[in-house]
Amino acid sequence: MIEVVGFLDETDVDPLLYARPCWVGARGPGAQKPYALLVEALARSGRLAVCKVALRSRERLAVLRPRNNPRVAHPRGNP
């Protein structure tokens, strides 16, 4: 599950600050349209979505950015 908590310009985030990327996408027919609208809005605006992502029963901050066809979330690595 992904919860969007805010937005940033693409230039505000250096992807090297994040751990390895994960491929993400919508799951289920009810999630396809909202996810597609979010991705399209991000691509058109040049912005990134700051998200809370549940991975392996842990919640982390991640950046969702449109990149071709799947999208990439960069979970924030451990300090």
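These questions and answers walk through a predicted model of one protein chain.

Residues are numbered from 1 along each chain as its sequence is written. Local features need pLDDT of at least 70, side-chain atom pairs count only at pLDDT 80 or more, totals for chains, interfaces and linings use all residues, and side-chain values use heavy atoms, with hydrogens and water left out.

Student: In what order do the elements of the chain run from the N terminus on?
Tutor: Helices (H or I, at least four residues) and strands (E, at least two) are DSSP runs, numbered from the N terminus. The chain has one helix and five strands. The order is β-β-α-β-β-β.

Student: Which residue in E3 is the bridge partner of Phe7?
Tutor: Two strands pair if DSSP finds at least two bridges between them. Strand E1 (residues 2-9) pairs with strand E3 (residues 47-55) over seven bridges, in the antiparallel sense. The partner of Phe7 is Ala49.

Student: Which residue in the hairpin of E3 and E4 takes a positive phi?
Tutor: E3 and strand E4 (residues 58-65) run antiparallel, joined by seven bridges. Two residues lie between the strands of this hairpin. The residue with a positive phi, near 50°, is Arg56.

Student: How many residues make up the largest nonpolar core?
Tutor: Such a core is a set of buried Ala, Val, Leu, Ile, Met, Phe, Trp, Tyr and Cys residues joined through side-chain atoms within 4.5 Å. Buried means under 20% relative accessible area, with a 1.4 Å probe and protein chains only. Val24, Tyr35 and Ala49 are among the members, and the total is 10 residues.

How values were computed
Buried means under 20% relative accessible area, exposed over 50%, partly exposed in between (1.4 Å probe, protein chains only).
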